[in-house]
Structures are given as structure tokens and as C-alpha cells.
Amino acid sequence: MNKRIIYPKDDGGVAVIVPAPEYLETHTIEELAAKDVPAGKEYKIVNVEDIPSDRTFRNAWEYTA
């Protein structure tokens, strides 16, 4: 699976959920988002390539709708 779930954190950062392949054998990524994204948070399902691979400035990442 080359998808990730992202959502804005309360401190202004961005949370990234990486789906476990075993979970996706029996569930959809949308079901994972419904289960793990905090209630009321907007989220996106993005391609893994859309997430920077350099984690040096990870705390500076921003979520835009």
C-alpha cells in the first residue's frame, strides 16, 4: 500500500498514519481513518511520495485542506 493518512495535530504539526499491511488485508484505508483519526479532525489520504522523506524538519510540516 502506497497510501498514508495525514491530519493536523493540535500543536500545529502533522500526524502521519502508516497502515499495517495485515490490517489492509481485511479493511480499507478509509476504515482505518475512521478508527484512528481523532473525532472531528479533517484528514487526507495521500500517496507516500507526497510525504517528505527527509524527517529533519518534520515538526515544520503543515497540513492544508
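Here are some notes on the structure above, for someone meeting it for the first time.

1. Ground rules. This is a predicted model, where local features need pLDDT of at least 70 and side-chain atom pairs count only at pLDDT 80 or more, while totals for chains, interfaces and linings use all residues. Residues are numbered from 1 along each chain as its sequence is written, and side-chain values use heavy atoms, with hydrogens and water left out.

2. The layout. The protein chain has two helices and three strands, and from the N terminus the order is β-β-α-α-β. Helices (H or I, at least four residues) and strands (E, at least two) are DSSP runs, numbered from the N terminus.

3. Of the 65 residues, 29% count as buried. Buried means under 20% relative accessible area, exposed over 50%, and partly exposed in between (1.4 Å probe, protein chains only).

4. Helix α2. This one covers residues 29-36, and I29, L32 and A33 are buried in it. Seen down the axis of α2, the buried residues fall within an arc of 100°, so they line one face of the helix; the arc is that of the directions from the helix axis to the C-beta atoms. As background, an α-helix has 3.6 residues a turn, so residues three or four places apart point the same way. The face turned away from the buried side of α2 carries the exposed A34 and K35. Cover for the buried residues of α2 includes β1 (3-8), β2 (14-17), α1 (21-24) and β3 (44-47).

5. Chain start meets a later stretch. Which residues does N2 touch, leaving aside its neighbours within four places in sequence? They are V46, N47 and V48, where contact means heavy atoms within 4.5 Å. N2 sits in the segment before β1. The C-alpha atoms of N2 and V46 are 8.4 Å apart, though 44 residues separate the two along the chain.

6. A loop residue. E25 lies in the loop between α1 and α2. Is E25 buried or exposed? E25 is exposed, with a relative accessible area of 66%. Its C-alpha atom is 28 Å from that of K9, 16 residues away along the chain.
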